[in-house]
Amino acid sequence: MRRKKPDVETAGDGILTDAKGGPEVTRQTDPTLVDGSLNLSGNLPPIVADVFEQRYRCALSKVMTEEQLSSLVGSHRFMGTERDRSAGAAFVSLRLGSPPDVSRIVVTNGTQSAIDRLFDGIAGRGGVIAVEELTYPAVKPMAARLGIRLCPVRIDDEGLVPDSFSDVCERDKPSALYILPTLHNPTTATTTLERRRAAVDIARLNNVQFIEDDIYSMLPLNAPPPFATLAPEISWYILGTAKSLSPGLKVAYVVAPDSAAAGRAFWPGVRSTYWMPAPLNAAVTANLVLSGHANDIVGAVRLEMERRHELAKDILEGIPVATSAGALNLWVRIPRAGARLEIARLTQDRNVIVGHGDAFVVGNCIAPEALRVGLGTVLNRDQLSRGLEVVRDAYRRVLQPGMTA
Ligand SMILES: Cc1ncc(COP(=O)(O)O)c(C=O)c1O
């Protein structure tokens, strides 16, 4: 039975939603579902089953055979056990260069939960947080719920614009900058090292802390060093596993400036929120990291993304696409006002769902004329080719009618 196609709207992560506002499917597990539509609006890493399956199975069976299960699932594990936090230290060391002291590590139920606690702990009701002018959409309702005002800082192809950050610091007095410095979502830009250094100087001068969401940073090979290495005393570093290892396990590792700060930010929420990781998920993730299998998974994601990028380059030739090695999405710049919505509607008519920039906008900034096209969410390259051909055809029909087949 064919379902009625949803009207184009956006919510959450730039994802088109159905008329009731429910999110579209985020992972295509059965291409015959939902009119056989392909979801290119999500930003999940590709599943490389022949590598993942055996590693996940191995981690799960190790937990089942090596851990005392009644104790594992019979209690909370607030900040994570010592082993979980050692695994966290090992995982973040891939970006920080060396493992931080485990007393600075907090294991959380994903990145969103960490952001929620840090926004509340650092800014709190009536407080101000600076963010990039396009930012991860989930932080907007989060800030609204917590009574926090978000102030947009300009970004360009080299990431955060330091002068704009300085202006925001002087005018709005934020307590923190929430930033996606590596493979920014949605633009895929990476803030250069020079700009990171400039931002550190500005932050120190204005007493601003960094909340650094580095979730995409495991995928490129040469990402610049995190703020947490340039200014550890004012940095909260969050390395989620959702974009590199396992979106479904919902585990993120946070590195606090010091252990006392970690306790101050996270402990008050223990009684009233759910930021703590599920013990089983934390243990499985720790196993993946400590066995070295996490590296195999990240390697497989990188390789598959390389192939998917090559495919996209071929199919979308002649279309202005911004992207970077390792990025899970393309950012397709549309050279005519309003055309993004026309293109999204046309692709949706052919059962291909793409995201657009509107959901990422903060405050009164103008929505960027761009589409976000996820490369990782569909199950295989054939599906991706099919989806990208529909995007290309829609783009040409609206903007290059002379090229339409
Ligand atoms: C920038 C950013 N941070 C965090 C997340 C979600 O992380 P988690 O699933 O660990 O909460 C996403 C997912 O789209 C994201 O794009």
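Before we get to a pair of helices, a quick definition: a helix axis here is a line fitted to C-alpha atoms over the stretch in contact, and the angle between two axes runs from 0 to 180 degrees between their N-to-C directions. Keep in mind that what you're looking at is a predicted model. The protein has 405 residues, 49% of them buried, and its domain assignment gives two parts, domain 1 and domain 2.

**The overall build**

- Take the contacts with a separation of 6 or more: 74% of them link residues 24 or more positions apart.

- Domain 1 is pieced together from 10–47, 294–328 and 350–389, while domain 2 is the stretch 52–292.
- The centres of the two domains, taken over C-alpha atoms, are 23 Å apart.
- Where they meet, domain 1 puts in 31 residues and domain 2 puts in 29.
- On the domain 1 side, helix α11 (residues 293–315) supplies the largest share, with 8 residues.
- Sorted by class, that domain 1 side has 18 nonpolar, 9 polar and 4 charged residues.

**A pair of crossing helices**

- Two packed helices are described by the angle between their axes and the distance between the axes.
- For helix α4 (residues 110–123) and helix α9 (residues 259–266), the axes come within 8 Å and cross at roughly 100 degrees.
- Angles of 65 to 115 degrees count as roughly perpendicular, so that's the label for α4 and α9.
- From α4, the residues making the contact are R117, L118 and G121, and from α9 they are R264, A265 and F266.
- By class, this contact has 3 nonpolar, 1 polar and 2 charged residues.

**Backbone details worth a look**

- The peptide bond running from N185 to P186 is cis, and its omega is near 20 degrees. You'll find P186 in the loop between β9 (176–179) and α7 (193–206).
- K250 isn't a glycine, yet it has a positive phi of about 50 degrees. Its place is the loop between β11 (235–240) and β12 (252–255).
- Is K250 buried or exposed? It has 20 other C-beta atoms within 10 Å, and 20 or more is the cut-off for buried, so K250 counts as buried.
- N351 is also a non-glycine residue with a positive phi, about 65 degrees. It lies in the loop between α12 (339–349) and β15 (352–353).
- N351 has 16 C-beta neighbours inside 10 Å, so it counts as partly exposed.

**A glycine and its contacts**

- G147 lies in the loop between α5 (139–146) and β6 (149–153).
- With 13 other C-beta atoms within 10 Å, G147 is partly exposed.
- Which residues is G147 in contact with, leaving aside its neighbours within four places in sequence? They are R125 and G126.
- G147 and G126 are 21 residues apart in sequence, but their C-alpha atoms are 5.6 Å apart in space.

Definitions and conventions
Residues are numbered from 1 along each chain as its sequence is written. This is a predicted model: local features need pLDDT of at least 70, side-chain atom pairs count only at pLDDT 80 or more; totals for chains, interfaces and linings use all residues. A residue is buried if 20 or more other C-beta atoms lie within 10 Å of its own, exposed if 12 or fewer, and partly exposed in between; C-beta atoms are placed from the backbone. Two residues are in contact if their C-beta atoms, placed from the backbone, lie within 7 Å. Helices (H or I, at least four residues) and strands (E, at least two) are DSSP runs, numbered from the N terminus. Angles under 35 degrees count as roughly parallel, over 145 as roughly antiparallel, 65 to 115 as roughly perpendicular and the rest as oblique. Ala, Val, Leu, Ile, Met, Phe, Trp, Tyr, Cys and Pro count as nonpolar, Asp, Glu, Lys and Arg as charged, and the others, Gly among them, as polar. Domain bounds come from an automatic or database domain assignment.
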